Amino acid sequence: MEYNFREIEPKWRKIWADEKTFKAEENSAKPKYYVLDMFPYPSGAGLHVGHPLGYIASDIYARYKRLQGFNVLHPMGYDSFGLPAEQYAIQTGQHPAITTAENVERYRDQLDKIGFSFDWDREVRTSSPEYYKWTQWIFKQLFDCYYDNTTNKAERISKLIAEFEENGNAKVNACSDCETLFTAAEWNAFNEKEQDTILQAYRLTFLADSWVNWCPALGTVLANDEIVNGVSERGGHPVEQKLMRQWSMRIKAYAERLLTGLDGLDWTESIKDIQRNWIGKSVGSSIQFKVDGQFELTTQGGNIENDIYIEVFTTRPDTIFGVSFMVLAPEHDLVDQITTPEFTTQIADYKKSASLKSARDREADVKNISGQNTGAFAIHPFTGEKIQIWIGDYVLVSYGTGAVMSVPCGDQRDYDFAKHFGIEIKNIFENVDVSEAAHTEKAGTIANSGFLNGLEVKAAMKKAIEAIEAKGIGTGKTNYRLRDAVFSRQRYWGEPFPVFYKDGLPHLVEDKFLPITLPEVDKYLPTEDGAPPLARAEKSAWNHFEGDHMEFNTMPGWAGSSWYFLRYMDPKNESEFVNRKKADYWKQVDLYIGGSEHATGHLLYARFWTKFLYDQGFIGFDEPFQKMINQGMILGRSSFVFRVNNENKFVSNSLKSQYNVTPLHTDISLVDNDKLDIEAFKNSREEFKNAEFICEENGDYICGSEIEKMSKSKYNVQTPDELVEKFGADTLRMYEMFLGPLEQFKPWDTKGINGVHNFLRKLWRLFHDADGNVSLSTDEPSKDALKTLHRTIKKLTDDLDRFSFNTGVSNFMICVNELTEQKCNNKAILTDLVVLLSPYAPHISEELWEKLGHKKGTISYAHFPQFDESLLVEANHAYPISFNGKMRLKIELPMSLSSKEVEEAVLANADAQKWLEGNAPKKVIVVPGKIVNIVM
RNA sequence: GCGGAUAUGGUGAAAUUGGUAGACAUGCUAGACUUAGGAUCUAGUGCCGUGAGGCGUGUGGGUUCGAGUCCCUCUAUCCGCACCA
């Protein structure tokens, strides 16, 4: 019988599904292992060959771990809320739930064909009410907590309220946007609205007016990580800044823990660096500069104060004596108050022109130096000198305090600004020339700096901070670039908030009413007055309605994906998001596989929520993904035809330079090895029916090609389905692994797929005689066969342990080539071989396992063969003999010889003598069992 | 500008601790066989050279008996961040 994968593969997939072969249970004596893939968004386009790459790798690993005796959790689900289903709904009126269900079904169908060992009983979908009930519940927990910087964890807001009632907020050390101080008496006197506003400034998820990235084309706000190069990640639409009342997540509270937690994770340095960069910690100090003059101001408490202080953040307090001016962001609150009358017009003009520039223009405009003097002066806290105050758009209102102390000798931007406006540049570095450029290195000796003179930078920093603190004008401080994450989206197809409003104040819906399900609406568009789609819902359309109205926003895409790995542990629990005992059993994800594009989105948010849930005692670990591997993208290879401009004529690749042509993407299914199937091309579209072709000399039309991302619009999508149909799932699995290292980006190319397919046929032949009947020997295995097998066991184990799946495939090929050479049909040898192979090619392995006499049961829980080193011991070694490092010949010598004996034997050898040309060697290096090098 | 990654035959790639560079596969060349099959088998295939031999892992240097691997320099490509004070 031939290797008939079309029969074998569906047979085993049915058995696995019927028998629930891969069901994971908590009550097991085996050690646990959790292998997780980043779950997909089920798009309408279906899977292309790039999607399964990571899934295949994780499946191989999961199957390997099962064979090693682990209790493996290997689930799959769908991140099923998202924009495309909603946009389809807007266009067609079809409910996104229907589109999503159809897409999920298609995905499932495609995934099933590849033979994954998922426990489908644990499937989750973020868009199902049973799931998002708990997303809403976690939101409620966040709302009910604040971050205490003293206990360094999230605490209940009730604890904070008790403290306010008792002592006000003077002693509270929390992560908060609240800038005012109040006493207990004041707190108790505040009305409900005032209290709510203050509490919002502490809650871990909170409602606030904040500057958000508004995308008019999509009609929604976007998170920073959803914007790429100033335009929306989806669709590439422009984005502008807008002040809106929005839910946010106080992820800032976790900045330090998100940073230090990275050290213990087994992730690539590059992903860790991206997160470190995104968190952007800088250590320095805040310093208050008094503005010269008297001002009439009224502070919140009603007291009159006459002094204005400008607070700056600096990472270089040691350069305080180098300050020769200050710059405020144009949007800084104090600008108008301090501007002197003669500069009012200029300042107003500058502010206006700065506000007209979009964030993108401002970025593009980096080279142009602009700014405006306010006419005001600040008093240097140590020298008492008067220093000019400017505004300039190189200072960002959103970072630090929106104001900087400018030290032109130590900062290049300050230097350029000073040069441009003719401001004094003081040099405070010993033996450093600052006539051409600033001295930006954090090294050297400080001079012209009063009490800091003669100190090294590091010591000077310490002393400067001490002096600043002693003077009461500032303090050592750490700043983070990480911003709080906007959590509201003006969309339909997302989780509704468990929130209603009464008298303008937000209230949480009680747990017993959860989930708040998505209400039906007549259209999936914003209302005429710009409210989100949910505002269209009738009161009766809500499954629970309270107060004046429900929250109209929905949660962003990353809400559901921030905790889904926990739900797999206990997917059907109706009373908890996950049972603590089950979470304690499965613990962290041991191996997480997915793309690196989620570095600043999903991976950061999931870490944040995990830490929060840990703080609140719901789970016992505070990092979700212990080890992560980021698979590289598989790129498509697009084909082009070249249309002669203004004619229905196409010219072949090598002749195109003789014409004015426009390249057109052509469907890769019409092209084989760059050769266009002209007839099929003509029939593909009406307009090509009568097209003419200018071909190569041999009559072929050759297409051009380019490596690009796979996408429908580029007609370069290769689906896994076609390949499974042609070659089988086992071939596809092995071929995707054989393409190259998992982490690498690589273009898709089917050139080598025959090689892998032939390998499986060759394996099949080892079990069968010339007539196709199973023919196995039960004799003692030969020495050679044992050697081949055990070498393979060793290499395969090493390959799997370091996730080198491509070399694993090569090693199987080498093994089967050798066994074929040896004409080995030994049952014992082949039994171990199929077990080894089963993670990579499970279908054929199950079939051969059955042929080996295992009438019942599956290979999935067999024992991974043990490597026996003694079988590989060789009596002799063919020593490569190098002369001055160049390998010239090999001499076979017994392994038992000592270095000295090897040296003697080599020097006595006639061939070696020839290379020595009669000279005595200067030196002979012998590495026993490895190599000999003769230095002449 | 800052940070990270990568660079090896016609092609995808291998070489885990410094020790035979190019395994495995593909492509190509020549041949065999045939049930004409994306089959199987044999031989060859880094470059230059008829040959002996020489040269070869992006560039230039260094350490070493020995470097794809370690150190320094430069270049190219890709990714992330970016007036972050």
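Asp209 sits in strand β5 (residues 205-215), a strand being a DSSP run of E with at least two residues, numbered from the N terminus, while a helix is a run of H or I with at least four. This is a predicted model, where local features need pLDDT of at least 70, side-chain atom pairs count only at pLDDT 80 or more, and totals for chains, interfaces and linings use all residues; side-chain values use heavy atoms, without hydrogens and water. Residues are numbered from 1 along each chain as its sequence is written, and chains are lettered from A and ligands numbered from 1 in the order in which they are written.

**Around Asp209**
- Setting aside neighbours within four places in sequence, Asp209 touches Leu243, Met244 and Arg245 (contact here means heavy atoms within 4.5 Å).
- Lys252 is 43 residues away from Asp209 along the chain, and 17 Å lie between their C-alpha atoms.

**Two helix pairs**
- Packed helices are described by the angle between their axes and the distance between the axes.
- Axes are lines fitted to C-alpha atoms, for helices over the stretch in contact, and angles run from 0 to 180 degrees between N-to-C directions.
- For α24 (residues 783-801) and α26 (residues 827-837), the angle is about 15° and the axes are 10 Å apart.
- That makes α24 and α26 roughly parallel (the label for angles under 35 degrees; 65 to 115 is roughly perpendicular, over 145 roughly antiparallel, and the rest oblique).
- On the α24 side you'll find Ala785, Leu786, Leu789, Thr792, Ile793 and Leu796, meeting Ile829, Asp832, Leu833 and Leu836 of α26.
- Sorted by class, the α24–α26 contact has eight nonpolar, one polar and one charged residues (Ala, Val, Leu, Ile, Met, Phe, Trp, Tyr, Cys and Pro are nonpolar, Asp, Glu, Lys and Arg charged, and the others, Gly among them, polar).
- Helices α10 (residues 269-279) and α19 (residues 602-615) pack at about 75°, with axes 11 Å apart, so α10 and α19 are roughly perpendicular.
- Gln275, Trp278 and Ile279 of α10 make that contact with Leu603, Leu604 and Arg607 of α19.

**Domain 4 against domain 5**
- In chain A, the domain assignment includes domain 4 (634-708) and domain 5 (722-871), with bounds from an automatic or database assignment.
- Their centres, taken over C-alpha atoms, are 41 Å apart.
- Four residues of domain 4 contact five of domain 5.
- The two bury about 460 Å² between them, 73% of it on carbon and sulfur atoms (buried area is the accessible area, with a 1.4 Å probe, that two parts lose on being put together, summed over both).
- Ile634, Leu635 and Ile707 supply 83% of the area that domain 4 buries there, more than any other three residues.
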